[in-house]
Structure formats: C-alpha cells, structure tokens
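Here is a friendly walk through a single chain and the ligand it surrounds. Have a look at the model first, and then we can go through it together.

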Amino acid sequence: MAAIPTAVLPTGEKVAALGLGTWTMGDSARRRKEEIASLRLGFDLGMTLVDTAEMYASGGAEEMVGEAIAGRRDEIFIVTKVMPQNASRRGTINACEKSLKRMKIEAIDLYLLHWPGSVPFSETLEAFVALRKAGKIRHWGVSNFDLREMETVVALRDGGAVGSDQVMYNLARRGIEYSLMGWCEQHRVPIMAYSPLDQGKLLRSSAVTRIAAQHSATPAQVALAWVLRQKNMIVIPKAGSEAHVRDNHGALKLHLTPEDFAELDRAFPPPGRKKPLEST
Ligand SMILES: NC(=O)c1ccc[n+]([C@@H]2O[C@H](COP(=O)([O-])OP(=O)(O)OC[C@H]3O[C@@H](n4cnc5c(N)ncnc54)[C@H](OP(=O)(O)O)[C@@H]3O)[C@@H](O)[C@H]2O)c1
C-alpha cells in the first residue's frame, strides 16, 4: 500500500496530506451506510484527516464523522468549521460545544472559521485561544481567506499560530498560485485544498482523461496527483463510495511526468495576474 505523504502544521505536528472531505455527506439517509463505510475505508488506507463543518447537512456530517471514528478517535485528525454568523466570541464557543457533542469527542484537532464574515476576526480568535486553553480545540485556522486577510490574521496578537488556510484549489482553479501559495509557504501555513476534483467536473476534461489513459490511471487520480505535487499541501477529496475512496488513494502511486505537467499547463494555464479568491 502506498505510504501517505504528510504535511506539517506550524507546531511541527504531521498530518496526512491526503484526507477525506464530507460536504453533502449526511444529506441522504439512504446513502448513510455507504458514506460511513467510505470514511472508514479511507482511515484504514491511511487517509486519517477528515474535514467537516457544522454547516454540512446542518450538523449531520459531523454526526457521521462521530460514528465513523468510533473506537479509533486517536488515529484521526478532525477538522471542522464554525460558520461566520456564529463566529462571535460567545457564538464560536457555543458552536464548538455543539460540534463536540455531535461528534462525541473531547477536542477538535483543527477548528476553522469557514469564511470571513462581519464579525471582526480578532473576536473569533479570542474564542479560539480560549477554546485551546480549555483543551476543546488543539489548533485553529481559517478558510476562504485571501492574502490580505491572512496578513491581517498574522498581524493580530496570537495570530501567528494560524494552523491552515483551507481554500479551493484544483487544475481549473489555480488563482492561489499567483501570491497566496507563496505567502503561505513563507509563513509555513499549510494550505488545505478543497474541491480538488472541481466537484467532479475535472473528470470530464480531455487533457485529464488523455493523461489518465496513458498511465492506465483514472481522471480522478490525475487531478489528485497534480494537487499532491505541492509540498506541504493537504488535499481533501470527498468520495461517497468505497470504490471512489480506493480510486483516490491510488493517486499516490501515480507519477506524472514533466510532459504531463506541461500538457496540463497548456490546458489549464497558471494565473498571469492576481484574481479574487475562488470559492464554491
Ligand atoms: N471550506 C470550504 O468553503 C469548502 C468548500 C467546498 C468543499 N470543502 C471541503 O472539501 C471537500 C472536497 O470538496 P468537494 O466535495 O467540493 O469536491 P471534490 O472533492 O472536488 O469532488 C467531489 C465529487 O467528486 C466525486 N468523486 C470523488 N472521487 C471520485 C472518483 N474517484 N471518481 C469519480 N468521481 C469521484 C464525488 O462523488 P461521490 O460522492 O459519488 O464519490 C463528488 O461528486 C468537501 O467535501 C469539504 O469537506 C470546503
């Protein structure tokens, strides 16, 4: 079985660089059994980082994560998120308590603000610091924060401890390569790449399918191997079936050649200027 590469948090802690997303999981009672089995298979394969959010299925995805990790809590690195409308000092603490209850856990490994909202981040940060002191979260971070917002974060007292910025990144959405990626590398903040398959749309790209055929691989594996080429990046594809989890794990065995990268650059050119951060 291919070894899972790791990414390093600013504290030096290592986490699996290929993890599991959970958006839309928990929406359908009919799919629940299969989705839980998919998460468990991912954990067995070493994809031990799972990303969820209080928003997903209105807490239903967190409940599923709680069920999937039962009996193996210590092996799994759990990332979840507070919504900006709940991100006041008191609101963040309340939201965290509810997430802990839904997942039946004592502490969240990495707690993110889902996207920037109207509450000043300094207030959310106060809550993150208090939660960390109380042992209810181990690390904190942000999501959908662009360069200027990251600069504001690290300028705050305690802001230097930001554990990750979770942003959209895939072959078709390369905007962060222009400046955010370099900034994060410089500040040793790992990026967590969401929608690495562009929510499945990349699987229909002719360049991706052509390269996949040349390697006897699948389009999903090409799309994931391309993101995984980045050092210190965490990639969290969402797969709702065991077959898709196995397929995605197989990306670790695929080695794209310089010719493949050049062809993908022609099909999906890197950004030539700063663009607004893309999000779903
Ligand atoms: N912070 C944020 O604002 C934010 C926003 C979006 C997403 N996220 C996180 O990032 C995770 C991943 O992003 P995403 O869910 O938007 O999109 P994604 O991972 O790019 O794509 C998921 C889609 O691809 C399909 N898929 C997965 N593996 C496949 C395979 N091997 N072959 C064919 N199809 C495959 C899935 O179908 P099946 O379900 O049928 O397997 C699903 O329809 C989310 O689940 C969530 O945890 C965060």
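A residue is called buried if 20 or more other C-beta atoms lie within 10 Å of its own, exposed if 12 or fewer do, and partly exposed in between, with the C-beta atoms placed from the backbone. By that rule, buried residues make up 46% of the 280 residues in the chain. Please keep in mind that this is a predicted model: local features need pLDDT of at least 70, side-chain atom pairs count only at pLDDT 80 or more, and totals for chains, interfaces and linings use all residues. Residue numbers start from 1 along each chain as its sequence is written.

**Overall build**

The chain holds 10 helices and 9 strands. These elements are DSSP runs numbered from the N terminus, with helices (H or I) of at least four residues and strands (E) of at least two. The C-alpha trace spans about 55 × 45 × 30 Å along its principal axes. Why does the radius of gyration agree with a compact globule? A compact globule with 280 residues would have a value near 19 Å, and the chain has 18 Å. The radius is taken over C-alpha atoms, and the globule rule is 2.2 Å times the number of residues to the power 0.38.

Two residues are in contact if their C-beta atoms, placed from the backbone, lie within 7 Å. Of the contacts in the chain with a separation of 6 or more, 78% are accounted for by residues 24 or more positions apart.

**The nonpolar core**

In soluble globular proteins, nonpolar side chains tend to be buried together. A nonpolar core here is a set of buried Ala, Val, Leu, Ile, Met, Phe, Trp, Tyr and Cys residues joined through C-beta atoms within 7 Å. The largest such core has 84 residues, and those with the most contacts inside it are Tyr111, Ala193, Val222, Ala223, Ile234 and Val235. Helix H8 (residues 219-228) supplies the largest share of this core, 8 residues. Leaving aside neighbours within four places in sequence, Val222 is in contact with Val208, Ile211, Ala212, Ala217 and Leu254.

Helix H7 (residues 206-214) has Val208, Ile211 and Ala212 as its buried residues. Seen down the helix axis, they fall within an arc of 105 degrees, so they line one face of H7. Such an arc is that of the directions from the helix axis to the C-beta atoms. The buried residues of H7 pack against H8 and helix H10 (258-267), while Ser206 and Ala213 are exposed on the other side of H7.

**Around the ligand**

How many residues surround the ligand? The shell has 28 residues, and the closest are Gly21, Trp23, Tyr194, Lys238 and Gly240. By class, the shell has 9 nonpolar, 15 polar and 4 charged residues. Ala, Val, Leu, Ile, Met, Phe, Trp, Tyr, Cys and Pro count as nonpolar, Asp, Glu, Lys and Arg as charged, and the others, Gly among them, as polar.

Helix H9 (residues 242-249) gives the most to this shell, with 3 residues. In H9, Val245, Asn248 and His249 are buried. They cover an arc of only 100 degrees around the axis, which puts them on the same side of H9. The buried residues of H9 pack against helix H1 (32-44) and H8.

**Backbone and loops**

Most residues other than glycine have a negative phi.

| Residue | Phi |
|---|---|
| Ser195 | near 50 degrees |
| Gln199 | near 55 degrees |
| Ser216 | about 50 degrees |

Ser195 sits in the loop between strand E8 (191-194) and H7, and Gln199 is found in the loop between E8 and H7 as well. Ser195 counts as buried, with 23 C-beta neighbours inside 10 Å, whereas Gln199 is partly exposed, with 15 other C-beta atoms within 10 Å.

Arg173 lies in the loop between strand E7 (165-168) and helix H6 (180-186). With 23 C-beta neighbours inside 10 Å, Arg173 counts as buried. Leaving aside neighbours within four places in sequence, Arg173 is in contact with Met168, Asp198 and Glu278. Arg173 and Ser279 are 106 residues apart in sequence and 9.3 Å apart in space, C-alpha to C-alpha.

Methods:
Near = placed C-beta within 6 Å.
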